[in-house]
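Here's a quick briefing to read with the model open beside you. Take it topic by topic and follow along on screen.

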Amino acid sequence: MRQIINFILRYKNFLLYLFLLIISLALTVQSHSYHRSKYFNSSNWLTGNIYATTSNITTYFGLGEENKKLVEENKRLRNLLFNQKKEDSMQLDTTNITYRVIASQVIKNSYSLPRNYITIKKGSAQGIKPDMGVITANGILGIVENTSKNFATVQSILNTKSRINAKIKNTNHYGSLVWDTKDYNTVQLADVERLVPVKIGDTIVTGASSSIFPENIPIGIIKNFDLNNSQSSYSIDIKLFNNMAAVRSIYIIDNIQREEIIELEAKTNNDSQ
Amino acid sequence: MIRNSYFINIIRFVLLILVQVLVFNKLNFFGYINPMVYILFLYWYPIKEKRQLFLLLSFLLGFLIDLFSDTVAIHAAATVTIAYLRPTIMRFCFGVNYEFQNFKLTNTTRAQQITFLTLLIIIHHLVFFTLEIFSLENTLLILKKVLTISIATLILCLLLSSLFSVKKE
């Protein structure tokens, strides 16, 4: 017994080090495999408020640029609206609405890590829930991962854990969007079959088989492509429409029917087992 | 005097975290270079203080940076490692001198100080990027990041440490 105590006393520094190291390694490894690390993220009260305060100050320096972007987007939407074919009666029935849009701002953005997260200024108190899609005026940005009362973290598409269903515009050829961590303005489209005709300059949009994003949200254009080692599918580089280094105003998309879809899928899975 | 040194260390702790997350984490020089200047806390920390407290403080420092940058606990692991290895590194850099009662960092030569800082930074970055990238296929990428970011961190740490150098007493 005394020997054990002596041993602990002699190596107390090493044991403390080992203890702290194991805690941090366990947390890290867990976050690599599990879907989300619930507590240790920047949506908490302390970090959220510090980021919100500094972003309040720094946004002033980009207001002109930001206004220009918003006017540009309004112009595009007006064009769509005025050229839309008139329907006999306006649809005012809210029960038919599938998607609800919430506007917000980015308060912290990172794009130099292999697993990047963005922190935004709205949280569960404003109706943000995990697994909502996040887009900007130009294209797709990511998926909400954690929420606190007033803030939320978004798993950016520049994250090795991110896999988003995408397709080549106006076709039905699907793949999943991944990131190889090399360049923050380029992502990859994986699992596109070799029989699919692919051209440089083709537009990539979100696919229909996701309950998070609506179909046809722009992502980027094909920069180059080649057949991968196994020669069965393409690896395609996509240049993003978004400038990931300068995102400010964002929209969060809430799919109202998502719960119903998930419930139905769970039920189907249970029945088939 | 002792209270004064506690005070200075607390101020340093808070300021280095804020500077790191609000300025240097947003630098993104060449798209990926973000110097980690908070290592200066371990460089400046008094030598004769209790080691357990030092280890715990380093863990806390790393962990707070992790919270801000959404990296879970990678900074914490790397910082705790260099905090544990610090006496060994100091013995390597300053020889047996550093065990004397009146040893001070300011009494050593510039070359010794730079070696000490460089070793802290390289070990920290090696642990950090190995955990961050987390695959041995990318050894070259890890080495590239360690090398470039170590140089950036070293330059900025030297600049900051000469700006806020401890007065010679």
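A quick word on terms: helices (H or I, at least four residues) and strands (E, at least two) are DSSP runs, numbered from the N terminus. By that scheme, Asp191(A) lies in strand E8 of chain A, residues 186–193. Bear in mind that this is a predicted model.

**The barrel in chain A**

- Six strands of chain A close into a barrel, in the order E6-E7-E8-E11-E10-E9, with antiparallel pairing.
- On average, neighbouring strands of this sheet are turned by 40° against each other, ignoring direction.
- Take one pair up close: strand E9 (residues 203–206) of chain A and strand E10 (residues 218–227) of chain A run antiparallel and share three bridges.
- Thr203(A) has Ile221(A) in E10(A) standing opposite.

**Two residues with positive phi**

- Back in E8(A), Asp191(A) is not a glycine, yet its phi is positive at about 65°.
- Asn28(B) sits in the loop between helix H1 (2–22) and helix H2 (40–44) of chain B.
- Asn28(B) has 16 C-beta neighbours inside 10 Å, so it counts as partly exposed.

**A helix pair in chain B**

- Helix H5 (residues 110–133) of chain B and helix H6 (residues 139–163) of chain B have axes that come within 9 Å and cross at roughly 140°.
- H5(B) and H6(B) are therefore oblique to each other, since only angles over 145 degrees count as roughly antiparallel.
- The H5(B)–H6(B) crossing is right-handed.
- Which residues meet here? H5(B) brings a set including Leu117(B), Ile121(B), His125(B) and Phe129(B), while H6(B) brings a set including Leu141(B), Lys145(B), Ile149(B) and Cys157(B).
- Sorted by type, the residues of this H5(B)–H6(B) contact come out as twelve nonpolar, five polar and one charged.

**Where the chains touch**

- Between the chains, 27 residues of chain A are in contact with 28 residues of chain B.
- On the chain A side, the elements giving two or more residues are helix H2 (12–33) and helix H3 (45–58) of chain A.
- H2(A) gives the largest share of that side, with eleven residues.

How values were computed:
Residues numbered from 1 in each chain as written. Chains lettered and ligands numbered in written order. Predicted model: local features only at pLDDT ≥ 70, side-chain atom pairs only at ≥ 80, totals over all residues. Axes fitted to C-alpha atoms, helices over the stretch in contact; angles between N-to-C directions. Parallel < 35°, antiparallel > 145°, perpendicular 65-115°, else oblique. Left-handed = near helix turned anticlockwise from the far one by under 90°. Contact = placed C-beta atoms within 7 Å. Nonpolar A, V, L, I, M, F, W, Y, C, P; charged D, E, K, R; others polar. Pairing = 2+ DSSP bridges. Buried ≥ 20, exposed ≤ 12 C-beta atoms within 10 Å, placed from the backbone.
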